[in-house]
Amino acid sequence: MNGLDKRLRTLVGTIPQSYWAEKIPSKPGYWGERILSQLMYARELSKIEGGRHDQLIDQVLGRIEYGLSSEGAITKQSALEAEAILSSMSEEARRYRVLCVAHAHIDMNWMWPWHETVAVTLDTFETMLKLIEEYPEFHFSQSQGAIYRIVERYAPDMLERIRARVQEGRWEVTASHWVEADKNMPSGESLIRQLLYTKRYMAKLFGLTPGRLPLDFEPDTFGHSEHVPEILAAGGIKHYYHCRGSEGPILYRWEAPSGKSVIAYREPTWYNDYVQPVLGSYVPGICSKTGLTTHLYVYGVGDHGGGPTRRDLERLLDMRNWPVYPEIIFGTFEQFFKLAESKADRLPVVRGEMNFVFTGCYSSQTRIKLANRVGETILTEAETFRAVASAAERLPYPAEQLEEAWRHVLFNQFHDILPGSGVIDTREHALGLFQETMALAGTFRKQALERLAWSIDTSAIAVHEDPNGECGIAEGAGVGFGAAHFGVTQVERSGGCVRIAHVFNPSLTEREETVEWVIWDWKSPTRSFIIRDAEQNQVPVQVLDSGFHHYWGHDYMRVLFRARVPALGYSTFTLNETEEPFDPVVYPSDPRIERAPSYVLENDRLLAEFDPLTAAIISLYDKATGEELVDRTRPAGVFRLIHENADGDMTAWYVGAYIHIESLGKGVKWTTAEKGDVRQSLSYMIPFGRSVMKVTVSLDQNSSMLIYDVACDWQEAGKKGDHVPQLNFEWPLAYTCLQYRYDVPFGTVVRGSLGHDVPANSWALAQRRDSGPMIQIIAQGKHGFRGADDALALTLIRSSIDPDRYPEIGDHHKFRIGVAVVGRDVAGDAIALAHRFHYPFSVLPGAVRKGSRPLRDSFAELLEGTVSFSALKAPEEGANGWILRLYETEGQDSKVRIRVALPVRNACFVDALEREATGGCVISVADRIVSFDMQPYSITTIRLTF
């Protein structure tokens, strides 16, 4: 450290810390604070000019030091004398400007309940409105659409006052997103909806066109995935403000893999604080890095709101009169980014993600994360089939209610809610919103499927007479069944000896997979049944759980069968009684021989062998290549109890260093085994600590994926200063793995071996050095993956201890993990596999009725293109049609061809806000095939009008 800097620091230390918040000249410490702040600024000016003013600064320091030693304080007289000596630097000092932008960072339900968030918002805004009235130069900026919704809902009179200030230009709206959201765990479609619904709302509320909201203000977001610039550009965003996730350039151009970019500013100091004169010392160094002579200073107490106060404004007004200090001006983010635009061509370019920070937030508060993922998927599926039913059957499209449901999901993506860094009130409110989301999304999905099903002509399906009433009258049985697991409810709509089911496929490609059908009140246990598809071909079938179960006055049995369903369409299946009995001859039940239990799952693709003592997988044989994918010395599919070091605070934010790892293989109790033509499964139970876990591992016909269905009664609590317990799933690899591919919003990212958790939307793929089959792990609502040391691991539950003392205790933990063997490392293949995992077929019980549609049909199909499906919805405005969104996955130019069953009158490109694009590529429509080109890694949205 330079001698001048040491002397300055010593002098600063002579002033009590409390004095640095004073502004009044008569208060103790004011003059010392004033002159030392100017000296620090002068010293930084001198540094960037090679020490040109050091001699002058040394002279002033000597004068101050002498006065301090002789008088015991820095007096007004000595400060004014020092300012007079420094005055020769005044003109140079004024070359720099500090653009003071006021903001109130309001965290959504972080350490408090919803009603307090409302109170914080309204209290803060009342202060801002008074300051605007009192101080003519004062401007205020505020982000987050949800904040303005609070005002509209709870204080409409205040909204009118804010609206007047917005029109005046004194209140800058920076709300391009519903909340300041996490950028790693939401789906890409969610990040689009943040833009879509917020910008539409701001237009409605304040008359602000999308072009007047060019900023995404994300000061506290915990990391940023690499396709964010592409997403923002699609929504008309040009500028990005953030604080975390990077230590690179301050002002730069952030470029997505597609080539789209935004001008980004990384806050180098902090974004919420009261005004302190030390800010001047930052200015020369920061400006030398941005290439501007204007420094952006964001001020105002935040987190719990408050924003700037009269104290801050008086300080700034006082500081602007100091002779050796930057020029102080009040303004907006818009002013700063206009200056940044002037340097656009000379800014450094940054590519890739801006991570990692607070890696514990990928796994804290598991119920919130599951709610987010389920909410996203069910809403997307509801929109898809509702848009189909709207166009094909004129079913009204509930745009307003769907937007309301999306707003619930978007709110919970706030960077302290979805990451799990909140208190118990945070979680309770989030899960309450989730229940309302599911009520809306589940209802609209079911209504859409029912309308489509009612149009299917099933009258030609033969119905057996049931004169003796053996099959019973089942219609109406099963109300609400399946809702608890977020599925389409399985209420029976027929009830004879022939049952009908319609199976719906939400994907743009044809799929064949195992489907579960719930059969109600089947009263012919002595006779067998068969299932036929729409072409009357018999399909493989299997009864689960050995038959009947009871549910609210009715009996049911679960039946598995293989279903092939066309792209974005449906197929009809019938269950018919046969004359063959289930068991034609009843033999005595005493055993004749004793067979050794089998701990193997096998189909035509895989053979998995489990250790009888630990339930770990000791062999996974890929029949296509003849390769063994598990090293017996490193068993796979191992659940582990990990203790993390809990010496520090913020355990919800940080995954502590591992201090104990225990493989949960002791005391395994095997419970049931299913051995059928459609599915094989093994179930076991593991007690550990105070907890117990029940696991069923299944392998379906023609599948290359093992499915782990887990229910855990988790009773492990952390202890400060001791440990945080974690439930973990590990899969060591039998091949050398140098890097790992993860899914992120609208794409994938490849990362090297890292010894800490990293974020993924839902899956990780272990890339091998040579060719051959690889392991991909998929999970619903789990985001903390760890790819290192030739192994994949997934954090399942963490009992962090702050800010919520007991975030995970209970028997509510139910989750699904898929372990797939994949033949090649193609991003689109991995994305499609995860899509099938998250979007299974929906089964809707049907009935015999006249209709206009065939028993099997498709509404749209992807014929060509290296693209993945994101959304299909009705337009927010305009004629009958669809909004279809896709993204390119392989980094190559792609020709896309989609067959649409409905006659297309018009097709055009639109942006994420559904505004028609001008120029560019052309969409052609011929014989109901829509064709267009997509650029590498791009997001494309089209509007089809029918």
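Which residue in β43 stands opposite Leu862? The residue is Ile898.

## Basis of the model

This is a predicted model, in which local features need pLDDT of at least 70 and side-chain atom pairs count only at pLDDT 80 or more, while totals for chains, interfaces and linings use all residues. Residues are numbered from 1 along each chain as its sequence is written, and side-chain values use heavy atoms, with hydrogens and water left out.

## The open sheet

An open sheet is formed by 4 strands, in the order β40-β43-β46-β45, with antiparallel pairing. Its edge strands, each pairing on one side only, are β40 (860–864) and β45 (924–926). From one strand to the next the twist averages 25°. Axes here are lines fitted to C-alpha atoms, for helices over the stretch in contact, and angles run from 0 to 180 degrees between N-to-C directions.

Strands (E, at least two residues) and helices (H or I, at least four) are DSSP runs, numbered from the N terminus. Two strands pair if DSSP finds at least two bridges between them. Between β40 and β43 (residues 894–900) there are 4 bridges, and the two strands run antiparallel.

## Cysteines

With a disulfide defined as a pair of cysteine sulfur atoms within 2.5 Å, the count is 0 disulfides. Cys361 is in no disulfide, and the nearest cysteine sulfur, that of Cys243, is 15 Å away.

Burial is judged by relative accessible area: buried means under 20%, exposed over 50%, and partly exposed in between (1.4 Å probe, protein chains only). Cys361 counts as buried at 2% relative accessibility, and Cys712 counts as buried at 2%.

## Salt bridges

A salt bridge requires a side-chain nitrogen of Lys or Arg within 4 Å of a carboxyl oxygen of Asp or Glu; the count comes to 63. In one of them, Arg43 and Asp54 have their closest N and O atoms 2.9 Å apart. Arg43 is in helix α2 (residues 30–48) and Asp54 in helix α3 (residues 54–71), 11 residues apart. Arg43 is buried, at 5% relative accessibility.

Glu876 and Arg200 form a salt bridge at 3.8 Å, N to O. Glu876 lies in the loop between β41 (867–873) and β42 (881–888) and Arg200 in helix α9 (residues 188–206), so this pair ties together parts 676 residues apart in sequence. Glu876 is buried at 15%, whereas Arg200 is partly exposed at 29%.

Within helix α16 (residues 424–454), Glu450 and Lys446 are about one helical turn apart because 4 residues separate them. Their closest N and O atoms are 3.9 Å apart in a salt bridge. Glu450 is buried at 16%, and Lys446 is buried at 12%. Elsewhere, salt bridges that share partners join Asp5, Arg43, Glu44, Lys47 and Asp54 into one network.
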